[in-house]
Amino acid sequence: MAEPVLEIRGLCKQFGALRASDNVDFDLLPGEVHALIGPNGAGKSTLIKQIAGEIMPDVGVIRFAGRDVTGLNAVARARMGLARSFQVSSVCGEFTVLQNVMLAVQGRLRRSYRFFRPALSDRRLTDPARAAIARVGLSQREGVRAGDLSHGERRALEIALALALKPKVFLLDEPMAGMGPEGARSLTGLLDGLRHEAPILLVEHDMEAVFALADRISVLVYGRIIATGTVAEIQNDAAVRAAYLGEEEAR
């Protein structure tokens, strides 16, 4: 088996009497989509924030790209290649599609510009930005303000921002949130191709998308991973069906 790109061992996080992460073991292998699912309040957001470096665990180890990153902050992890997209879109609405992605490229290259005009003439920024924009199908929209994009286009732009960072891992937090069926299918197709760029840790409530994309699924309930397996294994796991999938089917 290939060495994990992301490996979590014995992760614990407690807030008062609430144990949000309870001895979590988890890994992400090269080229795979590993989905993390669970009911509301299961601890997914807390786990993702620990992986991204936004909050520190009480106990446990996080290894990324062969390095112990448990004590590193979110900026340091992003510079190592951990690219996160957020459940609530984080693009800058006043900037164009191209300008948003150029900012991501600029951050990766650690270049500084006071104004966009000189930056727009620097092909070290514009070429990779346009390549990422083309990859998500927004080439015809690069001059449009991000605030004027449709919801689905904003999601695609957020993926372009992640691509521009040339990540070693995509950490995607509910990318299907707010999407209609057609938009979700389109984004599912886009994400399916991204696994060839870098493995994906996918946090998602849209089970149709999860089952279409995931190589493995881990189920988090009350801060604990209760099962990890293939789509078929998770669908047929009695404990999972009782704790989560059965609840979804009953709605």
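Modeller: A crossing is left-handed if the near helix is turned anticlockwise from the far one by less than a right angle, and right-handed if clockwise. In this predicted model, where residues are numbered from 1 along each chain as its sequence is written, local features need pLDDT of at least 70, side-chain atom pairs count only at pLDDT 80 or more, and totals for chains, interfaces and linings use all residues. Side-chain values use heavy atoms, with hydrogens and water left out. Here α3 passes α6 in a right-handed crossing. Helices (H or I, at least four residues) and strands (E, at least two) are DSSP runs, numbered from the N terminus.

Biologist: At what angle do the axes of helix α3 and helix α6 cross?

Modeller: Axes are lines fitted to C-alpha atoms, for helices over the stretch in contact, and angles run from 0 to 180 degrees between N-to-C directions. The axes of α3 (residues 97-109) and α6 (residues 151-164) cross at roughly 25 degrees and come within 8 Å. Angles under 35 degrees count as roughly parallel, over 145 as roughly antiparallel, 65 to 115 as roughly perpendicular and the rest as oblique. The crossing angle therefore makes α3 roughly parallel to α6.

Biologist: Which residues of α3 and α6 make the contact?

Modeller: Contact means heavy atoms within 4.5 Å. From α3 come Val97, Asn100, Val101, Ala104, Val105 and Arg108, and from α6 come Leu157, Ala160, Leu161 and Ala164.

Biologist: How do α5 and α6 pack?

Modeller: Helix α5 (residues 123-135) and α6 pack at an angle of about 135 degrees, with their axes 8 Å apart. They are therefore oblique to each other, and their crossing is right-handed. Ala132, Ile133 and Arg135 of α5 meet Ala160, Leu163 and Ala164 of α6.

Biologist: Let us turn to sheets. In what order do the strands of the four-stranded sheet lie?

Modeller: Strands of a sheet pair through backbone hydrogen bonds, either parallel or antiparallel. Two strands pair if DSSP finds at least two bridges between them. The four strands form an open sheet in the order β2-β1-β4-β5, with antiparallel pairing. β2 (18-28) and β5 (67-68) each have a single partner strand, so one side of each is left without a neighbour in the sheet.

Biologist: Over how many bridges do β1 and β2 pair?

Modeller: Strand β1 (residues 6-15) pairs with β2 over seven bridges in the antiparallel sense. Leu11 stands opposite Val24 in β2, and Ile8 stands opposite Phe26. The hairpin of these strands has two residues between them, and in this hairpin Gly16 takes a positive phi near 60 degrees. β1 also pairs with β4 in the antiparallel sense, over five bridges, and there Cys12 stands opposite Val59.

Biologist: Which helix packs on this sheet?

Modeller: Helix α1 (residues 44-52) does so, touching β1, β2 and β4 (59-64), and its direction makes about 120 degrees with that of β1. Ser45 is found in α1.

Biologist: How are the strands of the six-stranded sheet arranged?

Modeller: The order in this open sheet is β6-β7-β8-β3-β9-β10, and the pairing is mixed. The edge strands are β6 (82-85) and β10 (224-229), each pairing on one side only. Neighbouring strands of the sheet are turned by 15 degrees against each other on average, direction ignored. β6 and strand β7 (residues 169-173) pair in the parallel sense over four bridges, with Val169 in β7 as the bridge partner of Leu82.
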